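Q: I'm new to this one, could you bring it up and walk me through it?
A: Of course, here it is.

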Amino acid sequence: MRRALVAAALAACSSSADAVFPQPERFVDSNPDPAIVEVDLIAEPGTQELLPGKSAEVWTFRDAAADRGSIPGPLLEANLGDRIIVHFENRLPDPTTVHWHGLRVPNAADGTPLSQVMVEPGATYDYELTALDAGLFWYHPHMEADVQIERGLYAPIVIHGSVEPDVVADRVFVLDDVKLESSGQLSTVTNNLDVMLGRQGNVLLVNGQTRPTLDVAAGTRERWRFVNVANGRYFNLELPGHRFLVIGWDGGPLVTPYEAATILIAPGERYDVLVEPTADTALRTLYYDRGHDIPDPGPIELVPIRVGAPGPTPAPLLGVWGDVAPLPIDTSTPRLRFVLEEQETGVTEPTFSINGERYPDVTPTLARKGDLAIWEIVNLAEMDHPFHLHGMSFQILDEAGQIATLGWKDTVNVPQQKSLGVAVRYEAEGRWMYHCHILEHAERGMMGELSVSP
Ligand code: C2O
Ligand code: CU
């Protein structure tokens, strides 16, 4: 049996609750072995109301056991160490793949054009992996990702494990924005601004809905897991009057949690936090200057929070958190440079490159399994780019070149005109992608290949 997320139902017991904060539906696990999660996943066209009362034509992931697909798609939930088998079928009119963002998978399960042939319309592919890390991850196509993810193909993955603090609710927040016509349909227009900034939508979604209300019980503690699946929008989250206790990053729990008034989440990143709201408030996203003079729309409310009757008092927090040893870097550790640039002529669509090359015309970065390296990611552009590596996670270096916070990341924001170092151990063989997670950038050149040999 999968361990259930203590989800909306629980919060709904508190007092006056009539709104139910949406949670993605969990997959039906067809395998009786408790250590194996086996599911059937379909990608297909569908419809969903993105503006209330107006149905939009979208693309969805569907659990074959459910009658319809949804945005986000079904939640894949497993325990640390479980085997995961996903039988995937493509019922879209276009070829696709499924990438398990952040999970350390065998190369053949990575779901990119480097690691498999694409899944043609009507074809199937089986993904098999083992849950090696506990945390929040997500899955999405890795073909024309700017178009396919925008249409609705994304879903969360929760791996339960090592650090499980005492909470009354463990919730997933899948953050997105969509560019909608007044008809409620997804816009099919991609202009140069959409390409330059990553398409920013005019409607913000949390678990596929606009401004869903969340009821919480007073005096309790909740765990909120955030993932930003937007093409280009950054979320800079705030809960006025409260602070977040950040307990985990992309790849799992931190060794030492820290408090934060705001959390900046670039596309692709995840944050795992504990909150104890005491008075009505709202989760909102604040302006963040990511370059190119994007205007400040002011704070945008994402989730109104209503505090109801008191619930159970939380147990004291654990003393032991994540178990992450620092990668043993020193002055002899090889250093590689990755220079991110954008080319804008004003006439044609902007393009994007890494070390002067544009995917797929790139020279692979060659590495040997087990070696350690420092990647220096140099952003020469006038906007931030979130850098993502497949197949393995990394640790972030501070300005002094030291590992500042002990935790794993697979996606990190590299601010405009700055450089950032990460330490990485090439632990898995195969052909892996690294790229900007602003999807319009990745699909227009800002993507490269890491080839790890035995
Ligand atoms: Cu979430 Cu290569 O991507
Ligand atoms: Cu970018």
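**The copper site and beyond**

A: In sequence, the residues that donate to the copper ion (ligand 2) follow the spacing H-x50-C-x4-H, where donors are N, O and S atoms within 2.8 Å of the metal (3.2 Å for Na, K and Ca), and since water is not among the atoms, sites may look incomplete. This is a predicted model, in which local features need pLDDT of at least 70 and side-chain atom pairs count only at pLDDT 80 or more, while totals for chains, interfaces and linings use all residues. Residues are numbered from 1 along each chain as its sequence is written, chains are lettered from A and ligands numbered from 1 in the order in which they are written, and side-chain values use heavy atoms, with hydrogens and water left out.

Q: Which atoms coordinate the copper ion (ligand 2)?
A: The copper ion (ligand 2) is held by ND1 of His385, SG of Cys436 and ND1 of His441, at 1.9 to 2.1 Å.

Q: And is Cys436 buried or exposed?
A: Cys436 is buried, at 2% relative accessible area, where buried means under 20%, exposed over 50% and partly exposed in between (1.4 Å probe, protein chains only). His441 is buried too, with a relative accessibility of 0%.

Q: What about the largest nonpolar core, which residues touch the most other members?
A: That core has 92 residues, and those touching the most other members are Trp100, Tyr139, Phe173, Phe226, Trp375 and Leu450; a nonpolar core is a set of buried Ala, Val, Leu, Ile, Met, Phe, Trp, Tyr and Cys residues joined through side-chain atoms within 4.5 Å. There is also a second, separate core of 21 residues, including Val58 and Leu180.

Q: Changing topic, what is the strand order in the open sheet of four strands?
A: The order is E2-E1-E4-E6, with mixed pairing; strands (E, at least two residues) are DSSP runs numbered from the N terminus, and two strands pair if DSSP finds at least two bridges between them.

Q: Which strands stand at the edges?
A: Strands E2 (54-63) and E6 (124-130) do, each having a single partner strand, so one side of each has no neighbour in the sheet.

Q: How many bridges join E1 and E4?
A: Strand E1 (residues 36-51) and strand E4 (residues 83-90) pair in the parallel sense over eight bridges, and aspartate 40 has histidine 87 in E4 as its bridge partner.

Q: Where is asparagine 236?
A: Asparagine 236 is in strand E13 (residues 235-238), and asparagine 236 counts as buried at 10% relative accessibility.
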